[in-house]
Amino acid sequence: MSEYIDKNKFKPLPKTKDRSEYIARPVITYWSDAWRRFKTNKTAIFSFVILILLIVMVIIGPMISGYSHEEIVGLPNQTPSKEFWFGTDDLGRDIFTRVWKGGRISILIGLIGAIIGTVIGCVYGAISAYAGGVVDTVMMRIVEVLSSIPYLLLVIIIRLAFKTNGIGPLILAMTITGWCGLARLVRGQILSLKQQDFIMAARVLGVSDKNIILKHLIPNTLNIILVSISFDIPGYIFSEAFLSYLGLGVQPPETSWGLMVSSAQQYFQFYPYQLFFPALLIALTMLSFTLLGDGLRDALDPNLRK
């Protein structure tokens with residue numbers, strides 16, 4: 001066969017050291033590829049920028065006006081002006097300062113609630129899936145029982161038990177059942193992962209069950225966890241706003257977006273701007289987190305890789 005090949009059409013490449021180490025295509029890791037795809041999603045990037053601006057404003061916003069969120073600085077119910085950019089409320093307090101001060105509490109509750117729910121849900125779901133058998137059945141029945149508890153009833157019971165209106169009992173009430181959804185997601189993912197070859201190899205090498213869960217199984221569910229966090233944060237923010245609107249959330253002298261909406265709804269027909277600004281920020285924050293979650297889901301899904 002070789003006698004029919006014209007050797008004059010081929011030219012050997014010189015054997016140089018730099019050519020032997022040359023890689024035609026750069027190595028792309030999972031996270032670098034996910035970031036590359038995330039950057040192409042303009043909606044997700046825009047939402048991410050909006051969230052950064054909101055977080056910056058809730059940090060520095062209360063200091064811009066120079067007023068305290070509890071201080072009466074003008075006449076009641078003044079419309080937006082150069083002195084009071086968002087107007088004043090029914091007591092004469094600056095709404096601009098109160099909006100960003102309330103945003104601190106609302107976003108803080110959302111972040112803390114999502115982190116606590118994520119940690120509990122990941123560990124619980126991983127242990128349930130890895131143990132399997134009777135342990136898995138019992139643990140999932142517990143999740144179903146917790147999920148069936150009425151949400152408002154749980155909040156009222158926690159409030160009565162602690163006899164306080166602080167932020168701590170509110171976060172506790174929201175996170176008691178807030179981790180159940182993520183626990184189911186992590187369990188389903190780990191049930192498919194624990195039969196993989198790298199888990200069997202770890203067992204053969206004598207890796208402890210704890211290290212298999214923490215170092216092998218949970219890291220391989222990070223895509224689900226990150227997307228879940230981005231959807232849980234707006235859920236907790238809305239829950240806080242809803243509870244504060246009903247009078248079960250943050251109480252004066254502290255403020256939050258939900259409490260401001262609750263206080264302004266009775267004056268809505270005469271002073272709609274008092275309701276407009278906190279309601280707008282609630283909607284904008286929830287929409288941005290939701291669109292960011294959609295972008296993360298598309299970027300972290302290896303099935304959508306091109």
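Entry 1: The model is predicted, with local features needing pLDDT of at least 70 and side-chain atom pairs pLDDT 80 or more, while totals for chains, interfaces and linings use all residues. I number residues from 1 along each chain as its sequence is written, and side-chain values use heavy atoms, without hydrogens and water. Helices here are DSSP runs (H or I, at least four residues) numbered from the N terminus.

The axes of α3 (residues 42-64) and α13 (residues 273-300) come within 8 Å and cross at roughly 140°. α3 is therefore oblique to α13 (angles under 35 degrees count as roughly parallel, over 145 as roughly antiparallel, 65 to 115 as roughly perpendicular and the rest as oblique).

I then listed contacts (heavy atoms within 4.5 Å): α3 residues including F48, L51 and L54 meet α13 residues, among them L284, F289 and L292. By class, this contact of α3 with α13 has 10 nonpolar, 5 polar and no charged residues.

**Entry 2: confidence.** I noted that the protein chain averages a pLDDT of 82, and 90% of the residues score at least 70 (pLDDT is the predictor's confidence in each residue, from 0 to 100). Where pLDDT is low, predicted coordinates should not be read in detail.

Technical notes. Axes fitted to C-alpha atoms, helices over the stretch in contact; angles between N-to-C directions. Helix = DSSP H or I, 4+ residues; strand = E, 2+ residues; numbered from the N terminus. Nonpolar A, V, L, I, M, F, W, Y, C, P; charged D, E, K, R; others polar.
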